[in-house]
Amino acid sequence: MRFEPRPKPSALMVFLSPAISLALTAIVAMIIFASAGLEPSGALVTFLTAPLGDLYGFGELLIKAAPLVLIGIGLAIGFRAGIWNVGAEGQLTVGVIFGGYVALHFGSDGGVWVLPAMVISGAIGGMLWAAIPAFLRVRFNASEILTSLMLNYVAGLWLTWLIFGAWRDPAGFNFPQSEPLAPAALFPILIEGTRMNASIVFALIAVVLGWIFMKRSFIGFQLKVTGLSAGAARYAGFSLTRAVWIGMLVSGAVAGIAGVGEIAGPLAQIFPNASPGYGYTAIIVAYLGRLNPLGILLSGLLMALLYLGGDLAQMSLGMPSSITGLLQSTLLFFLLTADVLVHHRIRFRTSGRKGVTA
């Protein structure tokens with residue numbers, strides 16, 4: 001058995017594969033619910049709809065979707081160029097460190113300029129962290145997948161060291177957390193009675209700018225050509241080195257901004273686990289959205305709903321909250337499998353007979 005590239009993948013199946021993957025993931029979810037003694041379809045409906053039963057739940061959906069959409073847009077720009085940045089989690093964490101330093105250093109003495117300074121600092125921190133694997137790629141041809149992934153753990157340990165050390169709240173009863181951020185360092189609430197804050201504006205801006213960059217800019221076209229064929233890109237005079245730097249730095253910047261959005265938004269403090277894994281989940285968001293900004297917006301909302309459903313499953317269905325990660329990974333598995341089958345056919349070979357194609 002071997003995989004043989006299809007001369008022309010079906011455009012219909014390229015479009016339908018995310019829907020098929022979602023349907024298969026729903027079937028797996030119902031099997032899990034049934035094995036736990038729950039009524040499968042009813043539990044699935046509860047899992048997906050109960051978190052949106054009121055305005056507060058809708059606000060929670062948006063503030064969880066915002067970092068996923070923001071990071072997903074940045075990753076998609078690099079992915080379209082064949083730059084596989086899997087270090088958004090670490091870049092988000094360094095954004096937390098840089099933005100958090102500004103907030104803690106100026107504290108209540110800061111003015112309205114503190115929050116913009118935090119956003120800029122977070123973007124710079126994410127870019128600097130993304131620049132490390134970018135430099136290693138262009139200088140030593142090191143895999144950005146491995147280097148960016150390993151840097152996630154370094155960033156996490158760096159933040160943990162700060163929270164357990166210099167940044168620990170002296171009035172926090174020895175809990176690993178910083179002191180609460182000053183009001184000037186927090187995004188304003190958009191709707192009273194919810195936690196929906198102005199950080200969601202960054203996600204909407206990213207969708208618009210991402211669409212313009214990918215669909216209407218010459219640089220976006222260069223990145224697309226580079227991702228489709230590095231040889232054709234070189235023949236056309238497009239620089240692979242430039243593509244690496246653009247893909248890594250843009251995704252690092254938006255991940256750093258997403259980190260600031262967490263500590264200046266729903267958390268209002270700095271914790272060692274400032275992110276519940278948004279940098280990793282955003283990879284699924286980017287692929288489920290077909291590297292298209294509008295698709296990423298929809299898939300970000302879906303992933304955010306899975307986060308909320310996992311919390312609800314723990315409280316009302318008696319399921320562990322880890323079901324969120326299980327369903328996210330299942331969805332990614334089906335999505336990647338569908339993509340392989342869309343772009344390749346399976347050819348079986350038997351001795352003495354011609355191959356049979358599926």
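Which residues does phenylalanine 3 touch, not counting residues up to four places away in sequence?

**Entry 1. Basis.** I worked on a predicted model, in which local features need pLDDT of at least 70 and side-chain atom pairs count only at pLDDT 80 or more, while totals for chains, interfaces and linings use all residues. I numbered residues from 1 along each chain as its sequence is written, and side-chain values use heavy atoms, with hydrogens and water left out.

**Entry 2. Phenylalanine 3.** I looked up its contacts (heavy atoms within 4.5 Å). Leaving out residues up to four places away in sequence, phenylalanine 3 touches Val340, Leu341, His344, Arg345 and Ile346. I placed phenylalanine 3 in strand β1; strands (E, at least two residues) and helices (H or I, at least four) are DSSP runs, numbered from the N terminus. Its relative accessible area is 44%, so I recorded phenylalanine 3 as partly exposed. On this scale buried means under 20%, exposed over 50%, and partly exposed in between, with a 1.4 Å probe and protein chains only. I also noted a C-alpha separation of 31 Å between phenylalanine 3 and leucine 302, which are 299 residues apart along the chain.

**Entry 3. Salt bridges.** I counted 6 salt bridges, each being a side-chain nitrogen of Lys or Arg within 4 Å of a carboxyl oxygen of Asp or Glu. One of them joins the side chains of glutamate 4 and arginine 345, at 3.1 Å from N to O. Glutamate 4 is in strand β1 (residues 2-5) and arginine 345 in strand β2 (residues 344-348), so this pair ties together parts 341 residues apart in sequence. Glutamate 4 counts as buried because its relative accessibility is 17%. I found Arg2, Glu4, Arg345 and Arg347 linked in a network of salt bridges.

A further bridge pairs arginine 137 with glutamate 144 at 2.8 Å, N to O, and I recorded both residues as buried. For arginine 290 and aspartate 339 the N to O distance is 2.6 Å. Arginine 290 lies in the loop between α11 (278-288) and α12 (293-317), and aspartate 339 in helix α13 (residues 323-343), so this pair ties together parts 49 residues apart in sequence. Arginine 290 is partly exposed at 26% relative accessible area, whereas aspartate 339 is buried at 16% relative accessibility.

**Entry 4. Core.** I looked up the largest nonpolar core, which has 87 residues. Such a core is a set of buried Ala, Val, Leu, Ile, Met, Phe, Trp, Tyr and Cys residues joined through side-chain atoms within 4.5 Å. The residues with the most contacts inside this core are Phe33, Ile71, Met118, Ile270, Met303 and Ile323. Helix α3 supplies its largest share, 13 residues.

**Entry 5. Serine 251.** I located serine 251 in helix α10 (residues 240-263). Its relative accessibility is 1%, so serine 251 counts as buried. A polar atom of its side chain lies 3.0 Å from the backbone oxygen of methionine 248. Beyond its neighbours within four places in sequence, serine 251 is in contact with Gly74, Leu75, Asn85 and Gln91.

Definitions and conventions: A polar contact is a pair of N or O atoms within 3.5 Å; within protein, one must be able to donate a hydrogen and the other to accept it, and residues adjacent in sequence count only if both atoms are side-chain atoms.
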